[in-house]
Amino acid sequence: ANPTVTLSNLTSAATTAIYTLTTTSGGICITDAVTVTINPAPTGTFSYTGTPYCSNASNPLPTLVGSGGTFSAGLGITFVSTGTGQINLAASTPGSYTITNTLPASAPCAAIVSTAPITITSFPSTTFTYASASYCKSGTDPTPTVSGAAGGTFSSSGGLVINSGT
């Protein structure tokens with residue numbers, strides 16, 4: 001009978017097994033031993049745990065489970081390093097992407113390809129202007145004209161009382 005090894009039942013660490021088969025042939029015992037080493041399959045899973053990222057944020061590194069490989073993506077993503085998976089947010093185009101991590105084949109294991117999503121959002125840009133550069137203290141309180149992203153908070157240097165919302 002031929003012994004069968006179910007690879008998926010082995011632990012993730014390298015496993016060495018010695019299989020001994022003893023048969024009798026013509027009244028003579030024959031013993032044969034075979035040593036088999038099973039190496040764990042590499043893993044290259046990863047994630048960008050802070051996604052979505054603002055385009056002006058610090059360049060993120062992926063959180064790896066296993067070992068790194070070569071990172072890639074379609075047009076729009078610029079990497080600081082394809083070896084680490086660090087993304088240059090300022091140089092990348094805002095949008096949603098799928099990042100791929102490829103670990104090359106290492107005999108006897110095939111190449112491992114893992115993917116993870118990432119979203120980069122635009123840094124909101126807002127400008128505002130007042131109708132005049134100077135006002136009379138007894139005049140009507142001016143309200144600025146705002147263009148660009150809504151929201152935000154107004155602030156001022158000392159001595160000026162300002163409504164931070166408008």
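1. The structure is a predicted model, and its confidence should be read first. The mean pLDDT of the protein is 82, and 76% of its residues reach 70 or more. Among the elements, strand β8 (residues 86-87) has the highest mean pLDDT, 98, whereas strand β1 (residues 15-25) has the lowest, 62.

2. The largest nonpolar core contains 13 residues. Those that touch the most other members are Tyr 48, Ile 77, Phe 79, Ile 87, Ile 99 and Ile 118. At least two residues of this core come from each of β9 (95-103) and β10 (112-121), and β10 provides the largest share, three residues. In soluble globular proteins, nonpolar side chains tend to be buried together.

3. Neighbours within four places in sequence aside, Ile 118 is in contact with Tyr 48, Thr 51, Tyr 53, Ile 87, Gly 95, Ser 96, Tyr 97 and Ile 99. Tyr 48, Ile 87 and Ile 99 are also among the core residues that touch the most other members.

4. The peptide bond from Thr 51 to Pro 52 is cis, with omega near 5°. Most peptide bonds are trans. Pro 52 lies in the loop between β3 (44-47) and β4 (53-54).

5. Cys 54 is partly exposed, at a relative accessible area of 23%, while Cys 136 is exposed, at 55%.

Methods. Residues are numbered from 1 along each chain as its sequence is written. This is a predicted model: local features need pLDDT of at least 70, side-chain atom pairs count only at pLDDT 80 or more; totals for chains, interfaces and linings use all residues. Side-chain values use heavy atoms; hydrogens and water are left out. A nonpolar core is a set of buried Ala, Val, Leu, Ile, Met, Phe, Trp, Tyr and Cys residues joined through side-chain atoms within 4.5 Å. Buried means under 20% relative accessible area, exposed over 50%, partly exposed in between (1.4 Å probe, protein chains only). Helices (H or I, at least four residues) and strands (E, at least two) are DSSP runs, numbered from the N terminus. Contact means heavy atoms within 4.5 Å. pLDDT is the predictor's confidence in each residue, from 0 to 100.
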